[in-house]
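This briefing sets out selected features of one protein structure and its ligand. Please read the points below alongside the sequence and the model.

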Amino acid sequence: MERELIEIAEAVRPLARQGKVAQYIPALARVDPEAFALVLITADGKTYTVGAADQPFSIQSISKLFALSLAMELVGDPLWQKVGREPSGMRFNSLIQLETDKGPPRNPFINAGAIAVTDALLSTTSDYPGALVDELRHLSGAPEIAIDPEVHASEIRTGDLNRAMAYVLRAHKVLENDPVAVTEAYFGACAIAMSAIQLTRAAMFLVTPQQGSARCAEGRHAQRIRAIMRTCGLYDQSGEFAFHVGLPGKSGVGGGVLVVQPDAFAACAWSPPLDRYGNSVAGQAALQHLARLVC
Ligand code: DON
């Protein structure tokens, strides 16, 4: 399998040149566009890696997957009064849809939806995003996982669009907390740094529920989370990703893409250059090759 992963890496790494590293968060614009990792962990515990599998990167919107899982556990059903479960068909940071919908955001994986989830978590737990960091440390067995303070500060400085969304959400009575506090917490979750191997380990609760080991890990909500990953995980490219890769996935503008196949495996690809939807070009290609190989 390691040999096959090396071949996938060789085939897809040149594709990264077709993409562009995220520019709108200045701390991310400095990331090495050549960086690459691919990790596969099977349900029976075998780990295969190629590239910089241990190098931490900004998980960005992949945090939305774990935040949703935590909120389903801690907030419970009232969460669904604050956020929907439909694909948005629009850019991940679209403001216009909030204007026309005048209510809860379409799903928890677009920015507005994740901001609503963050608000619900802030109303439920005294320490957020601390609780998310703890959960990720627990799930991946890596106590060193932390928020990257430079990325966090960079997003706070430049995150006006997200703050605008939070104000619109408060105007429509979706948010209960102060929009600035909610977006700072949301940016903190996005700024968590993890390696591809840590992210893959953390996602194993969506492959084989790990009874009683952590809040998320009990996997009670796994099937529903995978459904939302499948339909909304790559924003307005989720349909294409489902067609080509066929697995529930979640991407982030740090260049990570995580996928899971229940009872079989989790995998994470990392390559910072993004396509126009904000998804990793080589990362998606790597997972397409991998899915052909193992599904
Ligand atoms: O709020 C933002 O725009 C970023 N912190 C996260 C966006 C993101 O990762 C979208 N993913 N592809």
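Predicted model: local features only at pLDDT ≥ 70, side-chain atom pairs only at ≥ 80, totals over all residues.

Which helix gives the largest share of the lining of the second largest pocket? The answer is α13, which contributes four residues.

**Ligand site**

- The ligand is surrounded by 15 residues, and the closest of these are Tyr 24, Gln 60, Ser 61, Glu 155 and Tyr 186.
- Sorted by class, this shell holds six nonpolar residues, eight polar residues and one charged residue.
- Tyr 186 places a polar side-chain atom 2.6 Å from an oxygen atom of the ligand.
- At Val 253 the backbone is involved, with a polar atom 2.8 Å from an oxygen atom of the ligand.
- Gly 278 likewise presents its backbone, with an N or O atom 3.0 Å from a nitrogen atom of the ligand.
- The ligand taken alone exposes 340 Å², and the protein buries 100% of that area.

**Largest pocket**

- The volume of the largest pocket is about 210 Å³.
- Its lining comprises 14 residues, of which Ala 27, Val 31, Ser 58, Asp 148 and Val 151 are the closest to the pocket centre.
- Two or more lining residues come from each of α2 (26–29), β3 (57–58) and α7 (149–158).
- In terms of class, the lining of the largest pocket has eight nonpolar, three polar and three charged residues.

**Second largest pocket**

- The second largest pocket contains about 150 Å³ of space.
- Residues lining the second largest pocket include Gln 237, Glu 240, Phe 241, His 244 and Val 245.
- The lining of this pocket also includes Asp 275, Val 281, Gln 284, Ala 285 and Gln 288.
- Helices α12 (238–244) and α13 (281–294) each provide at least two residues of this lining.
- Four nonpolar, four polar and two charged residues make up the lining of the second largest pocket.

**Backbone features in loops**

- The peptide bond that joins Tyr 128 and Pro 129 is cis, with omega at about 15 degrees.
- Pro 129 belongs to the loop between α5 (111–124) and α6 (130–140).
- Lys 102 is not a glycine, yet its phi is positive, at about 50 degrees.
- This lysine, Lys 102, sits in the loop between α4 (96–101) and α5.
- Lys 102 counts as exposed because its relative accessible area is 52%, where the cut-off for exposed is over 50%.
- Lys 173 also has a positive phi without being a glycine, in this case of about 65 degrees.
- The loop between α8 (160–171) and α9 (179–190) contains Lys 173.
- With a relative accessible area of 69%, Lys 173 is therefore classed as exposed.

- Arg 201 is part of helix α10, which spans residues 196–202.
- Is Arg 201 partly exposed, or is it buried? Arg 201 is partly exposed, because its relative accessible area is 37%, which falls between the 20% limit for buried and the 50% limit for exposed.
- Between Arg 201 and Lys 102 there are 99 residues of separation in sequence and 38 Å in space, taken from C-alpha to C-alpha.

Note on methods. Residues numbered from 1 in each chain as written. Heavy atoms only, no water. Near = heavy atom within 4 Å. Polar contact = N/O pair within 3.5 Å; in protein donor to acceptor, adjacent residues only side chain to side chain. Areas by Shrake-Rupley, 256 points an atom, 1.4 Å probe, with all protein chains shown as cover. Nonpolar A, V, L, I, M, F, W, Y, C, P; charged D, E, K, R; others polar. 1 Å grid on protein atoms, 1.4 Å probe; cavity = no way out; pocket = protein on both sides within 12 Å on 5 of 7 lines; lining within 4 Å. Points joined across faces, edges and corners; volume = space filled by probe spheres on them. Buried < 20%, exposed > 50% of the residue type's maximum accessible area, 1.4 Å probe, protein only.
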